[in-house]
Each structure stands twice: as C-alpha cells, then as structure tokens.
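Student: Please pick one part of this model and go through it closely. I would like a single connected account, with the cut-offs stated.

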Amino acid sequence: MTAQLPLLIPLLADEDAAVRQAAGWTVGHTRDTGIALPAVRSLLAAETEPIVRAELLTAYSRMDRAGAVAEARSLLGPDTPVPLRLAAVFAALGPGEPWLAVHRTALRSLLVVLLAEARRPALEASCSA
C-alpha cells in the first residue's frame, strides 16, 4: 500500500469530501511517516468538512501518536463538530495518556448530543401521529 502513496496523497485534496475521507482512511492505515504524515498534518489544518477532519485526525494518530494527542486536545471543546470531537476523544486517549476532566466533559457532551439525535425520530413520529 505504501508504494501507492504517490497516487493516494492527491486524493486527500479531492473536491469530493467522500473521496477525501476515504483517502484519509487509506493513507492513515499505511502508517507512513515519510510522505503521508506531512500531507495529513497539512491537510488536517486546512480541511473544513468535519467528517473528513475526523478521518485525518484518526490517520494522524496512527502515524504520530504524540503529535495527534496535542492536536486532539485542542478539539475537545463543545464548539467542535460532533464527528471531529468524537475522533478527538479517541485520539487524545492514547496508551499511557491520563483520563482527564476535559476527556470526561467531552465524552459526556457527545453522549448528550448523540442521545438527542437518537430520540429525534421517536419524537417526530409521536408528533405526527
């Protein structure tokens, strides 16, 4: 797979968010720190789509755990979109990393949002009945 990185790296900047997300997943699984890591780090900073940023953060954590932990900690706040915040919680909780109040707060806020989303269809169904 690493031999295909010259073909995959440009896909990280594709106009289609689904292509960028899939490319991020694929590139992250190579764990390459020579070509892939600088590209992922650079594109993570520039990406605007939360789900793509989440995939790039996850890829970053596969290639550079310490660097990703520092980046992830800055994304644990309530203003971070849910997919990215969820990826940040997992990236920030690497092996040997302590469970901090900021992690607990981020995870609780995610659970509140996700539970509200899960209940929405039931509420909509009961309102339309």
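Tutor: Start at R31, which sits in the loop between α2 and α3 (36-46); helices here are DSSP runs of H or I with at least four residues, strands are runs of E with at least two, and both are numbered from the N terminus. R31 is not a glycine, yet its phi is positive, at about 60°. The model is predicted, so local features need pLDDT of at least 70 and side-chain atom pairs count only at pLDDT 80 or more, while totals for chains, interfaces and linings use all residues. Residues are numbered from 1 along each chain as its sequence is written, and side-chain values use heavy atoms, with hydrogens and water left out.

For context, the protein has seven helices and zero strands. Of its 129 residues, 36% count as buried, where buried means under 20% relative accessible area, exposed means over 50%, and partly exposed is in between (1.4 Å probe, protein chains only).

Now the packing itself. Helix α2 (residues 17-30) and helix α4 (residues 50-63) meet at an angle of about 10°, and their axes are 8 Å apart. The axes are lines fitted to C-alpha atoms, for helices over the stretch in contact, and the angles run from 0 to 180 degrees between N-to-C directions. α2 is therefore roughly parallel to α4; that label applies to angles under 35 degrees, with roughly antiparallel over 145, roughly perpendicular from 65 to 115, and oblique for the rest. From α2 the contact uses A17, R20, Q21, G24, W25, G28 and H29, and from α4 it uses I51, V52, E55, L56, A59, R62 and M63. Contact means heavy atoms within 4.5 Å. The residues involved divide into seven nonpolar, four polar and three charged. In this scheme Ala, Val, Leu, Ile, Met, Phe, Trp, Tyr, Cys and Pro are nonpolar, Asp, Glu, Lys and Arg are charged, and the others, Gly among them, are polar.

Neighbours within four places in sequence aside, A59 is in contact with G24, G28 and V40.

The R20 side chain forms a salt bridge with that of E47 (2.8 Å, N to O), the term meaning a side-chain nitrogen of Lys or Arg within 4 Å of a carboxyl oxygen of Asp or Glu. E47 is in the loop between α3 and α4 and R20 in helix α2, so they are 27 residues apart. E47 also counts as buried, with 11% relative accessibility.

The whole structure holds two salt bridges. The other partners are D64 and R41 (3.6 Å, N to O). D64 lies in the loop between α4 and α5 (65-73) and R41 in helix α3, so the pair ties together parts 23 residues apart in sequence. D64 is partly exposed at 21% relative accessible area, and R41 is partly exposed at 37%.

R53, in helix α4, is buried but has no salt bridge; E71, the nearest side chain of opposite charge, is 4.3 Å away. Lys and Arg count as positive, Asp and Glu as negative, and His and the chain ends are not counted. Apart from neighbours within four places in sequence, the contacts of R53 are L44, E47, E71, L75 and L84.
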